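Open the structure in your viewer and keep the selection panel at hand. The stops below go one at a time.

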Amino acid sequence: FAAQRHVLTYMEDAVSQLLENREDISQYGIARFFTEYFNSVRQGTHILFREFSFVQATPHNRSSFLRTFWRCFRTVGKNGGKDLLTAQEYHCLLQLLCPDFPMELTQKAARIVLMDDAMDCLMSFSDFLFAFQIQFYYSEFLESVAAIYQDLLAGKNPNTVIVPTSSSGQHRQRQPPNDCSPLDGVEASLFYQCLESLCDRSKYSCPPSALVKEMLSSAQRLTFYGFLMALAKDQRINRALGALPDKGDLFLDPAMDQELEKLVAQVSGLSLSGPTSSSGDTPARNSPRINSPWKPLHQRRKMDAESEGSNEETDSSEN
């Protein structure tokens, strides 16, 4: 159970943060720190503003990042699908949550939608999101699938399954398979046999083989990007992954909407109840601060250090 849930990964990360921020943590105790840490893991907020190596370290981290990205930016697609963005613009949104998120993964997700190298083309939020989900969550699986497809395209029958041996966040540059083959792809049944063997041996996350088999049952031949697009559009695979809602409910998030309504009402109430004065001599009152969402301790410490540095510069300038 501990290995399946990657408990050791979270324990090591918690201890690392504890040692890194022991001065801050000593103010309210170690027990409270561990409680807050594992509550954030359970809620899926532990990946906010973390380094990419941690964001992609476990399946739970990946699904939490996908859900957070959807909840934060779902309003991009609410305008009747008219708000279209480029791969670079979607990458900027990803970097708001994970500053060192690699552009390579964003480009690979964009190619699933565009099926070519035209990275400046516009994409809808829903198209990019579901393609990004497949590329990000099943990244190692897709690397092996690309190698299998290339072998089949070259007339080889892979007898060994290529499985990535590292999840350190360093992704190999995937050469786009040649979809311009005169044979128009590879034989679907043989392709599935290789995928089934891959899923049986791989230690990384793979789509449910039964769903993949059903998805490919109606095709005689298929291309690599055609397969990726089919994965991205299949709502049964989306439900099995469990990070995102169905496409029809993509722009609905009652819990988040309720929180936003409370926040808007709170801000509106503060502005309406504030005293009005025509006198220019009345000193301005500071607006009450609204607490920001929980941030990792290392982010808090960094912000505090920057704040102290800013104060020192201000003091020196005044002197």
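How many contacts beyond four places in sequence does the model have for residues 178–182, where pLDDT stays under 50? Select the stretch: there are eight such contacts. Keep in mind that this is a predicted model.

**Colour by confidence**

Now colour the protein chain by pLDDT. The average is 80, and 72% of the residues score at least 70. Select residues 276–295 next. Here the pLDDT is below 50, and the model gives this stretch 14 contacts beyond near neighbours in sequence. Then compare two helices. Helix α15 (residues 297–318) has the lowest confidence, with a mean of 50. Helix α4 (residues 52–55) has the highest, at 98.

**Helix α10**

Select residues 188–201. This is helix α10, with 14 residues. From first C-alpha to last, α10 reaches 20 Å, close to the 20 Å expected at 1.5 Å a residue.

Show the side chains of Ala188, Phe191, Tyr192, Cys194, Leu195, Leu198 and Cys199. These residues of α10 are buried. Why do they lie on the same side of α10? Because they cover an arc of only 160° around the axis.

The elements over the buried residues of α10 include α9 (139–153), β1 (186–187), α11 (209–216), β2 (221–222) and α12 (224–233).

**Tyr192**

Stay in helix α10 and pick Tyr192. Is Tyr192 buried or exposed? Tyr192 is buried, because its relative accessible area is 10%, and buried means under 20%. Now show its contacts, leaving out residues up to four places away in sequence: Tyr192 touches Ser209, Val212, Lys213 and Leu216. Draw a C-alpha to C-alpha distance from Tyr192 to Leu216. The two are 24 residues apart in sequence and 7.5 Å apart in space.

**The largest nonpolar core**

Which residues have the most contacts inside the largest nonpolar core? Select Phe65, Phe191 and Phe227. The core has 75 residues. Its largest share, nine residues, comes from helix α8 (residues 125–137).

Centre on Phe227. Setting aside residues up to four places away in sequence, Phe227 touches Val145, Phe191, Leu195, Val212, Met215, Leu216 and Leu222. Phe191 and Leu195 are among the buried residues of α10.

**Helix α7**

Select residues 103–114 for helix α7, which has 12 residues. Its C-alpha span, first to last, reaches 16 Å, close to the 16 Å expected at 1.5 Å a residue. α7 is mostly covered, with 10 of its 12 residues buried. The buried residues are Glu104, Leu105, Thr106, Lys108, Ala109, Ala110, Arg111, Ile112, Val113 and Leu114. Show what they pack against: α4, α6 (87–97), α8, α9 and α12. Then step off the end of the helix. Met115 follows α7, and its phi is positive, near 60°.

**Gln235**

The last stop is Gln235, in helix α13 (residues 235–241). Gln235 counts as buried because its relative accessibility is 18%, and the cut-off is under 20%. Where does its side chain reach? The side chain of Gln235 reaches the backbone nitrogen of Lys247 at 3.1 Å. Apart from residues up to four places away in sequence, Gln235 touches Phe130, Pro245, Asp246 and Lys247.

Key
Residues numbered from 1 in each chain as written. Heavy atoms only, no water. pLDDT = per-residue confidence, 0-100. Helix = DSSP H or I, 4+ residues; strand = E, 2+ residues; numbered from the N terminus. Contact = heavy atoms within 4.5 Å. Expected span 1.5 Å × (residues − 1). Buried < 20%, exposed > 50% of the residue type's maximum accessible area, 1.4 Å probe, protein only. Arc of directions from axis to C-beta. Polar contact = N/O pair within 3.5 Å; in protein donor to acceptor, adjacent residues only side chain to side chain. Core = buried A, V, L, I, M, F, W, Y, C linked by side-chain atoms within 4.5 Å.
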